[in-house]
Amino acid sequence: MDYFNFKGKNLYAEDVPVSRIAKECGTPIYIYSLKTLRRHYKAYTESFAGVPNIICYSVKANSNLSVLNAFAKEGSGFDIVSGGELFRALKAGADPSKIVFSGVGKNEDEIEYALKSSILMFNVESPGELKAVNRVARRLKTKAPVAIRINPNVDPKTHPYISTGLKKNKFGIETNEAFKEYLYAKKSLKNLSLIGVDCHIGSQLTEIEPFVDALKKVKSFIKKLRKEGVNIKYLDMGGGLGIRYDEETPPHPSDYGEAIIKETKALDVTLIFEPGRSMVGNAGILATKVLYTKQGSKKNFVIVDAAMNDLTRPSLYGAYHAIEPVISPAAGSETILADVVGPICETGDFLGQNISLPVLKEGALLAVKSAGAYGFTMSSNYNSRRRAAEVMVDGKEFSVIRKREEFEDLINGEALPRIKKSVKKPVKKAAAKKTTAKRAQ
Ligand SMILES: *Cc1c(COP(=O)(O)O)cnc(C)c1O
C-alpha cells in the first residue's frame, strides 16, 4: 500500500502533484512519501506486537538521511553493512543500541568504529572475521556482542543475484561449521559475547515457506548451542520480504509475522528483523522526462532523461518496474509498445522493455514505480551524469532532501598528477646548481 495515486488525470505523491515537483525541481527526480514509510514501519511493529522484537531497517535499500531520520523517529533500529552506513545512521539520530552490523567484509577500522559506537551486535560471516572482531575488542579492552550468520542452505526462490542462503553463496557460514565456530569462540575468543544467531536468505522473497524452512533449522541450531552453554538471546531473521513490482503477490508483514511467531513461541529470544525493500520500495518513484521518441523498424524507443546510472535494477537484474505517464492520456487513446531508454552509451541502458504506453510527446513526464529501494543508493556518475535530486513529500508539503548534483560535484576530490618531469637533456652544471638551490628553499 502506498500513497502514489491518481486524482483525476494527475499522479499525486500524497497531496502533491508529481508534475509540480518535476516543474519546480527538475528531472530525473526521486520522490518519496513519508506517510508510506511510516505505514510500512508500522506494518512490521504491529505484526510483531506480541513478542520481543527489534525492527532494524536495512540502510542499504535507501540511505538518505531523511529516510533514516523518519524511521529513527518511529523508533526503528538499523541494519548496516559498512562504516559509511553507520556514520549515516548515527547522523540521522539512530539509537546505537538498536544497530546490527552485517556484511562479509568488515575491515578493522569499521569494527573499531562500531565497537566505539556501542552497537547492539555484529553479524559475523567468517571464522577470520570472528577473530578480527575479537582482536579489535581486546585492543579496546571491551567485549564485542556477536551473532554468527549461518547459511541454512535454503532456496529462497528469487533472482540468483539476490539469493544469499545457498551453499554456493558467499554469505554466512554453513551450519555445522558455524556450530564449531561458536564452541571455539566460547573457549578461546574471550573478548566476544555470543548473544545471537543470524540468518538472511535473500531478497524479494514472495513466499513464506523458505523463511519458515530456514527458521526451523535455526531453531534447532539455537537449542543445540544452548545445550553447550552458549546463551543465545537474539534471533536475527534478516530481511527479504518482497514487494509487488508487477504481478507478484508477496506476503504481508502480518502473514509473515504470524508464521514466525508461531515457530518461535517457546524459544525465548528477542527477534530481530532487517527489512529493506519492503519498507521503502513502494514508498518511492523516479520521475523522468521524455527527451525524444524514435521509431526503429523493429522497436519504438522512448528516450528519457533518467538512465541506468540513476536506476540500475532493470539493467543489472533484468528487473521490472512499472512505468506510467504522470498525466493520463485521454480514454481510448492509442497505445504502443516501447522500450524506455536513457541517454547512456550502453545497449543495456533501459528502464523498461516492451512497456505499453500512450503515444508520448517530448517533455511528457513518466513515473517509474517502486523505485524507493535500491534506486538512488545504487546510482552512480557513469557517463559523468550528475546524480538525481531526492524529494520527500509529507501531505501537502515537500522538501528537497538531496539536491541535484552539479558539475563541480563530479570532480570533487580529483586532482591533476603532481609528478616531477624527468630530465632528458644533460643540464649544465651551473643551471643544475641553481635548480637544487631553488628546491632547497
Ligand atoms: C540486503 C540485506 C537486507 C535487506 O534485504 P531486503 O530484501 O531489502 O529486505 C537485510 N539483511 C542483510 C544482511 C542484507 O544484506
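In the predicted model, Cys56 is a buried residue, its relative accessible area being 0%. The cysteine sulfur closest to that of Cys56 belongs to Cys199 and lies 15 Å away, which is too far for a bond. In keeping with this separation, zero disulfides are found in the structure.

The domain assignment divides the chain into domain 1, covering residues 34-279, and domain 2, covering residues 282-408. Taken over C-alpha atoms, the centres of domain 1 and domain 2 are separated by 32 Å. Contact between the two involves 20 residues of domain 1 and 20 residues of domain 2. The size of an interface is often expressed as the accessible area that is lost when the parts come together. By this criterion, about 1,800 Å² is buried between domain 1 and domain 2, with carbon and sulfur atoms giving 56% of that area. On the side of domain 1, Leu34, Tyr245 and Arg277 together supply 30% of the area buried against domain 2, which is more than any other three residues supply.

With regard to polar interactions across this boundary, eight residue pairs are in polar contact between domain 1 and domain 2, both residues of each pair being at pLDDT 80 or more, whereas the count of salt bridges between domain 1 and domain 2 is zero. Among the secondary-structure elements on the side of domain 1 that touches domain 2, helix H2 (34-47), helix H3 (65-74) and helix H10 (277-280) each supply at least two residues. Of the elements on that side, H2 gives the most, contributing four residues.

Although salt bridges are absent between domain 1 and domain 2, a search of the whole structure finds 18 of them. In general, side chains of opposite charge can pair when their charged atoms come close. One of the salt bridges is formed by Asp15 and Lys7, whose closest N and O atoms are 3.1 Å apart. Asp15 counts as partly exposed, with a relative accessibility of 36%, and Lys7 likewise counts as partly exposed, with a relative accessibility of 40%.

A second salt bridge is formed between Glu129 and Lys106, with 2.6 Å between the closest N and O atoms. This pair links distant parts of the chain, given that Glu129 lies in helix H6 (residues 127-139) and Lys106 in the loop between strand S7 (99-101) and helix H5 (108-116), 23 residues apart. Glu129 is buried, its relative accessible area being 6%, and Lys106 also counts as buried, at 9% relative accessibility.

A further salt bridge joins Glu112 to Lys116, and here the closest N and O atoms are 2.6 Å apart. Because Glu112 and Lys116 are four residues apart in helix H5, about one helical turn separates them.

Notes:
Residues numbered from 1 in each chain as written. Predicted model: local features only at pLDDT ≥ 70, side-chain atom pairs only at ≥ 80, totals over all residues. Heavy atoms only, no water. Disulfide = S-S within 2.5 Å. Buried < 20%, exposed > 50% of the residue type's maximum accessible area, 1.4 Å probe, protein only. Domains from an automatic or database assignment. Contact = heavy atoms within 4.5 Å. Buried area = accessible area lost by both parts, 1.4 Å probe. Salt bridge = Lys/Arg side-chain N within 4 Å of Asp/Glu carboxyl O. Polar contact = N/O pair within 3.5 Å; in protein donor to acceptor, adjacent residues only side chain to side chain.
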